Amino acid sequence: MPTSLYLYLIEAAFVLPLVGAILALVLYRVHGANTATQFLFAASGVVGTIGIAGYFVSGQGNVAIQVISGFTVTPLAAFFLALVYLGTFLTSIYAIQGLRHYKKIYSIPWLNVTSALFILGMQATIMSGSVVAFLIAWEVMSIAAYFLVIADRTDDSLRAGFLYFLMTHIGFVCLASGFLLLAQGNVFATWSDVALGAFLISPQMLSVAFLLLLAGFGSKAGLVPLHQWLPYAHPQAPSHSSALLSGTMLKVALFGFIQSLFLFPFIPMWWALVVIVVGLGSGFFGALHAAVERDAKRLLAWSSVENMGLIFSGVGIVLVLRTLPDSPVAWSLAGTMSIFVVLHTVNHFFFKTGLFLAVGAVASATHTRDLDLLGGLARAWPLFSGVFLTLALAAAALPPLGTFFGEWMYLQSLAVAMSVLPTSFAVASALIMVVLALIGGLAIFTFVKLFALVFLGRARSDHAEVTTRMFGTLLWSPLLCVVGSLLVAVSAGSVFSDVAMQDAIGRVASLSVMPGASINVWFVFALFALVIIGVYLIRRAFTNVAPVRITDTWDCGTPLTPRMQYTATGFAAPIRFFFRSVLVSRKDLIKEPIAAGNPWIARRRLDSTIGSLWEHTLYMPIAYWVMRASTWTKRLQSGVIQLYLLFVVCALAVVMIIAL
Amino acid sequence: MLSLLSKIIKTGRITEPAPSLEDAAFVEAGRNLKATIGRLYGGRSLRIRHIDAGSNNGEEYEMTALGNAYYDVERFGLSFVASPRHADILTVSGPVTRNMEHALKVAYEMTPEPRIVVAVGDGACTGGIWKGSYAVVGSVADVIPVDWQIPGDPPAPADIIRGLLKAIEQARA
């Protein structure tokens, strides 16, 4: 493919969402306008994906290509752009049908305009070649995301949107100040200028800049302790936007972080340790809250916190290994860990997009996201439940899906690190492994819960009783995500095999791979198939061959009701109990007397809430002190104009003194 | 004190002699039943689930008596269970009232096969004095298949034991 052609494709992918947005406004009241707009979005995704494929196939996949003035595609950016394009494609073909039931809730043309700006913002953020372009594109993406979060204008959405708006702007301030520190105040510096200029900055200032950037990108990626907004904001958006927010926007934050790592002349060990601790902390808190969550979409958002945490911890380990001088083993391990980061980024993209869309389909049919009210969908939608189960397996990192191979790479690298690296690193690897085991266990628990409570048993409420057939096109995107996840698993074979690795080393000079850290994918597939066949045969061998008469369950004369089933709350009770100090879970028996004077006659109600450790130990104290400080400064506000003039004069005088 | 002692001596024993616990006819019937159950079911015992489909409780008194110390039916290899899932025999008493019709059908459906249904008492056999009432569906046989009927209003424990023996023999024939 000639250079110009795929550049045109990438440019077209950039323009098409805008065309879609204009079309949405022009055809404001026309029937079918949404379909046309979503087709344009999907076209943007397809065209862009082809463009990126062309970029890599054309043999120029290791050089930066300027798309339009100020916007370039680098190999790293191309990878993340591909995720944005795929995400756009998957979510917009879902939204063709997915938005049809929500005409009264959302203003669909404006929602589409916002989505277009959001998609554009993400593309521009990744392609931006300078600080100012990056910050503007980042802000466009963040503000568009805010309007997606408050799209249904309910109180919950507005509250979540406010929290998001606040956090994203704290993040933005961190990013802007971090970049400006690095660029020494030059907003228009390109990335290479910034990287060159960073050599002149003192190590202390570099550390400050690094921490600011980590906080800025971390607040977007949902890293502890700046994650509090994410589980509230992401679920409030329309489902296809939630998928884009959780599946794709978090990856843009990851991209920003990885890209800014290249701006630093050197990376000391303690920065990397901070990244690992923050990453594993996010992984743990995300997994724990996902395990006890009742709201299906919020559960997925918590799981995003968990997975982004894992990815960041992987990045941190790469950074630690890179700091080890003259250790070829450490460099090889850094290579395998980078494979984990890449694989897990793609895998998380596929399963999270698919799960959000699938839960969106469930919510639009049942009008609830509460796991305690859902149930029994497998009977109505057998094919869909199969797709959902596969995605849930991917999310729980079980074979034979891609996630398993990514996490295997992580664990295998740690195992190798334990045996070859010096003692202190070996101990650290063992500790990380323990945390990973905990996170993995909680993730399996979470997705067993999600699948079982939505699909098995009987519907736990009347409106969760689905009798209609599923609309076909809603299934396409989750199905494509399953295919994507399987493709990652299959292609993981060639990634792990050492031959392909040699090829990769040729492409990316700094990448090399531990031979011991490879895994034969076909062996895993064969093992998986053998286990399934084995279970089937054992079952057959031990099942009674006498004919079985199938009747109803004996109910002792009391009709069985869905309320007798396991609930999400009940299922997670052991986890809530073990981690009650971390979860700040509260259980209150609320007694409302019915007859005055007799305390025994009362209506009793159990109120159980899960709080946040960070809200109590970090957010509330800060909010308290901010309020204190603002009441104190309020004394200056007398409302007398002369006083304000005095302030202005004083400020001028101070400025003059500093300037002279 | 002396007067009390003299009273005790003068009065003597006024309690009746302990009755013989051996009701020869009943024990005879029970032994037969035990032998038959042992022969037909290889020495294992049978479980009964009793269903009151609307009786006047006369049958229930007699069925309950089967389990007491006097009749002690468990020595003959019969026992009562709480769930039709555990039962080999369903005993049904009373005419089947409209309220109990569904419950009776469900309980019959839930009993594992091969199940033996015995109608106990006149009400269960024919509808008894309630036959033709608007509140009554009819005899048990009108609702579920019945293997044996034990007439009587209510039948005595010995009759019930004999009836059960017949029912088992007939069901295994």
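**View 1. Pro225(A) occupies the loop between helix 8 (203–221) and helix 9 (230–236) of chain A.** In this predicted model, the peptide bond from Val224(A) to Pro225(A) is cis, with omega near 5 degrees.

**View 2. A cis peptide bond joins Glu113(B) and Pro114(B).** Its omega is about -5 degrees. Pro114(B) belongs to the loop between helix 4 (98–110) and strand 5 (116–120) of chain B.

**View 3. Gln184(A) has a positive phi, near 55 degrees, and is a residue other than glycine.** Most residues other than glycine have a negative phi. Gln184(A) is located in the loop between helix 6 and helix 7 (191–197) of chain A, and with a relative accessible area of 48% Gln184(A) is partly exposed.

**View 4. Asp72(B), not a glycine, shows a positive phi of about 45 degrees.** The loop between helix 3 (58–66) and strand 2 (78–80) of chain B contains Asp72(B). Asp72(B) is partly exposed, its relative accessible area being 32%.

**View 5. Over all chains, the structure holds 44 aromatic pairs.** In the pair of Tyr146(A) and Phe165(A), the ring centres are 4.7 Å apart and the planes stand at 55 degrees, so the pair is tilted. Because Tyr146(A) lies in helix 5 (residues 131–149) and Phe165(A) in helix 6 (residues 155–182) of chain A, the pair ties together parts that are 19 residues apart in sequence. Tyr146(A) is buried at 17% relative accessible area, whereas Phe165(A) is partly exposed at 33%.

**View 6. The charged end of Arg115(B) sits over the ring of Tyr108(B).** The distance to the ring centre is 4.1 Å. In chain A, Arg580(A) lies over the face of Phe577(A), 4.4 Å from the ring centre.

Definitions and conventions:
Residues numbered from 1 in each chain as written. Chains lettered and ligands numbered in written order. Predicted model: local features only at pLDDT ≥ 70, side-chain atom pairs only at ≥ 80, totals over all residues. Heavy atoms only, no water. Phe/Tyr/Trp six-rings, centres within 6.5 Å; stacked < 30°, edge-to-face > 60°. Helix = DSSP H or I, 4+ residues; strand = E, 2+ residues; numbered from the N terminus. Buried < 20%, exposed > 50% of the residue type's maximum accessible area, 1.4 Å probe, protein only. Lys NZ or Arg CZ within 6 Å of the ring centre and 35° of its normal.
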